[in-house]
Amino acid sequence: MEIAFLCLMAFFAGMIDSAVGGGGLIQLPALFNTLSTQAPATLLGTNKFASVFGTASATRSFVKRVRMAWELILPATGAAFALSFVGATAASYVPKEVMKPIVLVLLIAMALYTLKKKDLGRLHKPTAITRREKRLALLIGGGIGFYDGIFGPGTGSFLIFLFVRCFAFDFLHASAAAKVVNLATNLAALSFFVSTGNILYAVSIPMALSNIVGAQVGSRIAIKGGAGLVRVLFLILVTGLIGKFAYDMLS
């Protein structure tokens, strides 16, 4: 029953994560509540193992159906992969209590900006890709990769917003680009958990399969619904993240 429940949560996590990110809001609490006797590092590794396969599956779906701006995505992906290791190394030196209020303010600002700019991310009119845009992609990838390594929550949402705001992507194309970058940061984290033996394979393998199925459903819904639907889902997710961070800080 425990594995059946975790697989159901992994399915919904994969479905949501494939469209706008944030699958960890569902999958990780489910693991901590169901397997409360396990070490946190083991649960984090199990979560990462399950989610990385769903992310890869969603990435594949987007790549097949959405035109990708690889000149921007690849530099961002490489920088994110490298800096996520640095962030993970620095994680033990930065208290989570310091990160939470900063991230909460950024999430609120991001939500308000998106609501104010009614046309933001509705149309896909990417800027011309010059050296400036490539350098900016490196900075975005490196910064988000570092953040994902050191803290993590909201990584996908920040990536989507920055691709929309900085490169004039619509929300669908931004979500597709974010999936590629997020896959790199997930693989970097997973390599750490695998090497340290912090994965429950009997749990994570069936969860990974469920996550893949959910990711396929979610990516198809996002592609069919287009940028307008992804924008709505994005705002719902960011609102959920704001509520979670505010609750954590007050409790």
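Which residues of the largest nonpolar core touch the most other members? Select Val-103, Leu-107, Ile-160, Phe-163, Phe-169 and Phe-234: of the 50 residues in this core, these touch the most other members. A nonpolar core here is a set of buried Ala, Val, Leu, Ile, Met, Phe, Trp, Tyr and Cys residues joined through side-chain atoms within 4.5 Å. Buried means under 20% relative accessible area, exposed means over 50%, and partly exposed lies in between, with a 1.4 Å probe and protein chains only.

Before you go on, note that this is a predicted model: local features need pLDDT of at least 70, side-chain atom pairs count only at pLDDT 80 or more, and totals for chains, interfaces and linings use all residues. Residues are numbered from 1 along each chain as its sequence is written, and side-chain values use heavy atoms, with hydrogens and water left out.

**Stop 1**

Helix 9 gives the most, with ten residues. Helices are DSSP runs (H or I, at least four residues) numbered from the N terminus. In soluble globular proteins, nonpolar side chains tend to be buried together.

**Stop 2: two salt bridges**

How many salt bridges does the structure hold? There are two. To count, a side-chain nitrogen of Lys or Arg must be within 4 Å of a carboxyl oxygen of Asp or Glu.

Select Lys-244 and Asp-248 to see one of them, where the closest N and O atoms are 2.9 Å apart. These residues are separated by about one helical turn, because they are four residues apart in helix 9. Lys-244 is partly exposed at 38% relative accessible area, and Asp-248 is partly exposed at 26%.

Next, pick Arg-132 and Glu-133, whose closest N and O atoms are 3.1 Å apart.

**Stop 3: patches on the surface**

Switch to a surface view and select Arg-60, Lys-64, Arg-65 and Arg-220, which gather in a patch of positive charge. Patch residues have over 30% relative accessible area and no salt bridge; like charges are joined within 9 Å, and nonpolar side chains (Val, Leu, Ile, Met, Phe, Trp, Tyr) within 5 Å. Helix 3 (residues 40-65) supplies the largest share of the positive patch, three residues. Arg-60 sits in helix 3 and is exposed, with a relative accessible area of 55%.

Then select Val-194, Tyr-201, Ile-205 and Leu-209, which make a nonpolar surface patch of about 370 Å². Accessible areas come from the Shrake-Rupley method with a 1.4 Å probe. Helix 9 provides the largest share of this nonpolar patch, three residues. Ile-205 lies in helix 9 and is partly exposed, at 44%.

**Stop 4: a positive phi**

Zoom in on Ala-168, in the loop between helix 7 and helix 8. Its phi is near 60 degrees, a positive value in a residue other than glycine. Most residues other than glycine have a negative phi. Ala-168 is partly exposed, at 28% relative accessibility.

Finally, select Lys-116, which lies in helix 5 and counts as exposed at 67% relative accessibility.

Notes. Lys and Arg count as positive and Asp and Glu as negative; His and the chain ends are not counted. The place of a charge is taken as NZ of Lys, CZ of Arg, CG of Asp or CD of Glu. Helices (H or I, at least four residues) and strands (E, at least two) are DSSP runs, numbered from the N terminus.
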